[in-house]
Every structure is written in structure tokens, then in C-alpha cells.
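Student: Could you take me through a close look at the metal sites here, and then connect them to the contacts in the rest of the fold? I'd like the cut-offs too, please.

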Amino acid sequence: MRGGAERALSVLRRLLAPNFEPCLACGKPVRAGASLPGICERCAAGVPWIARPRCPVCGRAQGCPDCLRPEARERAFEMNRSAVLYDAAMRRWIAEYKYGGREAFAEPFSIMLEQAYRNLVREMSAERKIRYRSPGWKADLVTWVPVSEERLEERGFNQAELIARQMARRLHIPAHALLERRVHTGKQSSKTRAERLHNLDGAFGLLPNLDPRFFRKWDLIGTEKRPRGSFPIAILLVDDIYTTGTTAAICASALKQLESLLGCSVLVYSLTLARS
Ligand SMILES: [Zn+2]
Ligand SMILES: [Zn+2]
């Protein structure tokens with residue numbers, strides 16, 4: 001993709017300034033302590049943050065016909081919040097991360113995701129204070145949309161898992177795989193909406209042999225701090241892109257099956273890097 005001249009220039013720069021870190025997006029130098037690690041200030045300034053979601057369901061920044069469909073009202077997740085719009089730059093960055101094997105994007109992406117989480121906390125805490133006069137809201141557990149074995153082999157990593165784990169580590173929220181991908185569905189982007197819905201049906205399920213003791217270990221159920229049935233478990237479901245919400249809905253229904261395993265209610269919040 002990059003020209004040989006650019007590569008040579010980058011090598012030359014490195015020789016002249018060994019501490020020079022090239023921007024993941026444009027190759028220009030990144031100054032130390034940049035707001036997004038690995039991203040230069042100029043590129044960071046162009047990040048299309050979603051500061052104020054207009055659609056309360058899917059977190060989109062503009063009006064939203066998708067969420068008005070009757071089937072959308074019955075979705076198993078509470079809401080989706082995304083960090084940024086899926087514009088041309090984000091499309092390029094995410095493609096380089098996902099298909100170009102540039103894992104280093106995971107760090108700035110996880111920080112962008114963290115920003116969306118902090119906004120969600122603010123939003124939820126405000127609502128809680130009004131409705132229950134209770135203290136702030138937080139997620140109890142972080143999980144992610146799984147990819148098929150085939151994709152995993154192809155890419156070497158699950159793009160959603162990597163950013164989810166990095167964010168969870170910084171926020172001190174337990175992170176755990178809870179879902180599995182049951183059938184290989186091919187590339188979603190090349191399909192129509194109807195094809196996607198049909199194709200994804202039954203594509204995700206709870207991992208077999210999930211042990212309820214795990215949840216106790218994380219202080220989520222049946223402990224003194226959190227007696228069984230005291231309040232619902234809030235699970236953050238992480239993915240890179242939110243398009244129609246079908247993937248989030250199917251994963252959320254699978255996660256809802258934890259309710260019978262754990263004997264308490266489970267609420268799923270979708271958290272995605274970009275909203276297309
Ligand atoms: Zn840059
Ligand atoms: Zn919406």
C-alpha cells in the first residue's frame with residue numbers, strides 16, 4: 001500500500017531520530033504524551049467523536065429509521081453507544097487494524113472505546129439518580145463479539161477482544177469470553193440486510209461449560225457484597241462496528257441465557273468503536 005519512497009523515508013527518520021514514533025495513520029511524528037497513543041495530533045483532531053448521541057437506542061448522531069422498525073423494539077440489548085462515526089478515515093483505520101494486521105491500532109482504539117464507556121456511565125448515572133436516587137452506574141463485566149476460528153486464523157487476533165481487554169484492564173472491570181461463533185457466516189459487508197439477518201440467525205451462542213463460580217469470583221452473584229437477585233448484572237458487549245444492530249441483538253439474546261444459569265437478571269449494553 002505504501003510506496004517504497006515513504007518506507008525509505010521512514011527508515012531514514014528512524015536512523016536520524018531513534019525515538020521517533022510514526023503516526024499509525026499518516027506516518028508523521030507523534031509527540032510524546034499524545035492524547036491517542038500512536039496517533040499524531042493532526043490525525044487525532046480529525047477523529048469524528050460522537051459527543052451527543054441523537055438516537056437513545058443505537059447511539060447514532062443523526063436521525064434513525066432503523067430503531068423505529070417494530071423488530072428493533074424487541075432487541076435484547078439495552079442500548080448501543082459508539083465512540084466515533086464510521087467516516088472515511090475511521091473506515092481506513094479499522095480496515096488496517098482488522099485486515100492489514102496492524103495490531104498497534106488496538107491501543108488508540110481502546111482509548112476511544114473507553115471514552116464511549118465514560119459517556120455511557122455519565123448518561124446511566126444521571127438516569128439512575130433521577131429514577132432511583134441511587135449512586136453511579138458501572139458495568140460489571142466486559143465481553144466481546146467472537147469471530148470464527150477461520151477468521152481468527154486469518155487475522156491472528158479477534159479485533160473486538162483486543163480492544164475490549166485493553167479497555168477493561170485500564171478500567172479494572174473483569175473481562176471474559178462468554179460467547180462463541182457457531183457457524184461461519186462470511187463477510188457481512190457484502191450482504192443485504194435480509195441476507196444478514198438470515199445468515200446470522202443462530203450464529204452466536206453462550207460458550208459451553210461456563211461455570212457460575214466464575215461469576216462469584218468476580219463478586220457478581222451470591223456474595224455478601226452482591227446477594228443473589230439484588231440488582232441486574234450489567235454486561236458490556238464490545239465490537240468494532242455497529243451497523244444495523246443485528247449482531248449485537250443476537251449476541252445479547254445469547255447472553256440473556258445467563259439469567260437461568262445465574263438466577264439473576266442480565267442487562268446487555270453494546271459498546272462499539274464506530275457507528276456506521
Ligand atoms: Zn497522523
Ligand atoms: Zn437508532
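**Metal sites and their surroundings**

Tutor: Happy to. The zinc ion (ligand 2) has Cys55 (SG), Cys58 (SG), Cys64 (SG) and Cys67 (SG) as its protein donors, at 2.2 to 2.3 Å. Donors are N, O and S atoms within 2.8 Å of the metal, or 3.2 Å for Na, K and Ca; water is not among the atoms, so sites may look incomplete. Before going further, note that this is a predicted model, where local features need pLDDT of at least 70 and side-chain atom pairs count only at pLDDT 80 or more, while totals for chains, interfaces and linings use all residues. Residues are numbered from 1 along each chain as its sequence is written, chains are lettered from A and ligands numbered from 1 in the order in which they are written, and side-chain values use heavy atoms, with hydrogens and water left out.

Back to the zinc ion (ligand 2): the angles among its four donor atoms run from 97 to 121°, and the site is tetrahedral. For orientation, the ideal angle for four tetrahedral donors is 109.5 degrees. Along the chain, the donors of this zinc ion (ligand 2) are spaced C-x2-C-x5-C-x2-C. Cys55 is buried at 8% relative accessible area, and Cys58 is buried at 0%. Here buried means under 20% relative accessible area, exposed over 50%, and partly exposed in between, using a 1.4 Å probe and protein chains only.

The zinc ion (ligand 1) is held by Cys23 (SG), Cys26 (SG), Cys40 (SG) and Cys43 (SG), which lie 2.3 Å from it. Its four donor atoms make angles of 105 to 116°, and this site is tetrahedral. The donor spacing for the zinc ion (ligand 1) is C-x2-C-x13-C-x2-C. Helices (H or I, at least four residues) and strands (E, at least two) are DSSP runs, numbered from the N terminus. Cys23 and Cys43 are both buried. As for disulfides, the count is zero, a disulfide being a pair of cysteine sulfur atoms within 2.5 Å.

Now the rings. The whole structure has seven aromatic pairs. Rings of Phe, Tyr and Trp (its six-membered ring) pair if their centres lie within 6.5 Å; planes under 30 degrees apart count as stacked, over 60 as edge-to-face and the rest as tilted. Tyr97 and Phe157 have ring centres 5.3 Å apart and planes at 50°, so they form a tilted pair. This pair, too, links distant parts of the chain, with Tyr97 in helix H4 and Phe157 in the loop between helix H6 (149-155) and H7, 60 residues apart. Tyr97 is buried at 1%, and Phe157 is buried at 6%. Phe105 and Phe109 also have ring centres 5.3 Å apart, but with planes at 20°, so that pair is stacked. Phe105 is buried at 1% relative accessibility and Phe109 at 0%. Ring pairs join Trp93, Tyr97, Phe105, Phe109 and Phe157 into a cluster.

Trp93 and Tyr97 are among the buried residues of helix H4 (residues 88-98), along with Ala89, Met90, Ile94, Glu96 and Lys98. The N-terminal end of H4 is capped by Asp87, with a side-chain oxygen 3.2 Å from the backbone nitrogen of Ala89.

Finally, the charged contacts: there are 11 salt bridges, each a side-chain nitrogen of Lys or Arg within 4 Å of a carboxyl oxygen of Asp or Glu. Glu114 and Arg170 form one of them, at 2.5 Å from N to O. Glu114 belongs to helix H5 (residues 106-132) and Arg170 to helix H7 (residues 159-171), so this pair ties together parts 56 residues apart in sequence. Glu114 is buried at 11%, whereas Arg170 is partly exposed at 32%. Another salt bridge joins Arg213 and Asp211, with the closest N and O atoms 2.7 Å apart. Arg213 is exposed at 57%, while Asp211 is partly exposed at 22%. Shared partners also join Glu114, Arg118 and Arg170 into one salt-bridge network.

Methods:
Four donors count as tetrahedral if all angles lie between 85 and 135 degrees; four count as square planar and six as octahedral if opposite donors are over 155 degrees apart and all others between 65 and 115; anything else is irregular. A polar contact is a pair of N or O atoms within 3.5 Å; within protein, one must be able to donate a hydrogen and the other to accept it, and residues adjacent in sequence count only if both atoms are side-chain atoms.
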